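Reader: I would like to learn how to read the side-chain features of a protein model. Could you take me through them step by step?

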Amino acid sequence: EGIMTAQWLSSKGIAAFVLKYRLPNDKYMKDRKNGPLQDVQQAIRYVRANAKEYGIDPNKIGVIGFSAGGHLASTAATHYNDNVYKSEYNVSARPDFSILIYPVINLDAALTHAGTREALIGKDADKTLTDKYSSHLQVTEDTPPAFLVHALDDNLVPYANSILYTDALREKKVQAELHLYAKGDHGLQVKNPTDTQAFWRDACEKWMRMNGWIK
């Protein structure tokens, strides 16, 4: 999904960076909950600090993620001020917008993807931890705008995840756009590459242009 999406963005004249982030693991992380967030914060800071070199606008840096990667992207959008590591870049880790494709948002056992929850916080995590990493509960007025896509027939990550995040943004008067498709299953980027993929990509490009993030 990362490479496919980067190629699509590049074809539209948009600079794209693919982040290969560390998955939560107690063997080589002091706190496995912070590992992925450290990586995405560092990636955003790196791109922003080197924006001139790459010929991009440091105030138009978005983050995109799919499924569990969508959870990380939404975490980047809601936990950008968390001090989880010491960076050499003295710039903000806040993305200017986020694009969340069939994202895991809620880590409550009833609505989440079990594998994502267990890997990040453990299947027996208490409510305090569950709430902290349920992105819709961490939205503030300063959370960046979001574009969301989900299929109603997604059998791995319920589409309610995207609705929860959209509602949370709207409650805080943050701009959001949600697209729900009847068909596409989980992984519509790969499983349905002609119809649904074309629809959401076109809508996403228009959304980015409408908001001035791309020309």
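Author: Let us begin with the polar contact, which is a pair of N or O atoms within 3.5 Å; within protein, one must be able to donate a hydrogen and the other to accept it, and residues adjacent in sequence count only if both atoms are side-chain atoms. In this structure, the side chain of Thr 143 reaches the backbone nitrogen of Thr 140 at 2.9 Å. Please keep in mind that this is a predicted model, in which local features need pLDDT of at least 70 and side-chain atom pairs count only at pLDDT 80 or more, while totals for chains, interfaces and linings use all residues. Residues are numbered from 1 along each chain as its sequence is written, and side-chain values use heavy atoms, with hydrogens and water left out.

Reader: Where is Thr 143 placed, and is Thr 143 buried or exposed?

Author: Helices (H or I, at least four residues) and strands (E, at least two) are DSSP runs, numbered from the N terminus, and Thr 143 lies in the loop between helix H6 (127-132) and strand E3 (146-151). A residue is called buried under 20% relative accessible area, exposed over 50% and partly exposed in between, with a 1.4 Å probe and protein chains only; Thr 143, at 3% relative accessibility, therefore counts as buried. With contact meaning heavy atoms within 4.5 Å, and leaving aside residues up to four places away in sequence, Thr 143 touches several residues, including Tyr 80, Arg 94 and Tyr 165.

Reader: How should I read a pair of aromatic rings?

Author: Such a pair is described by the distance of the ring centres and the angle of the planes. Rings of Phe, Tyr and Trp (its six-membered ring) pair if their centres lie within 6.5 Å, and planes under 30 degrees apart count as stacked, over 60 as edge-to-face and the rest as tilted. By this rule the count here is eleven aromatic pairs. In one of them, Tyr 181 and Phe 199 have ring centres 6.4 Å apart and planes at 20°, so this pair is stacked. Tyr 181 belongs to strand E4 (residues 176-181) and Phe 199 to helix H9 (residues 195-210), so that the pair links distant parts of the chain, 18 residues apart.

Reader: Which kind of pair do Trp 207 and Trp 213 form?

Author: Their ring centres are 4.9 Å apart and their planes stand at 50°, so the pair of Trp 207 and Trp 213 is tilted. Both Trp 207 and Trp 213 are buried.
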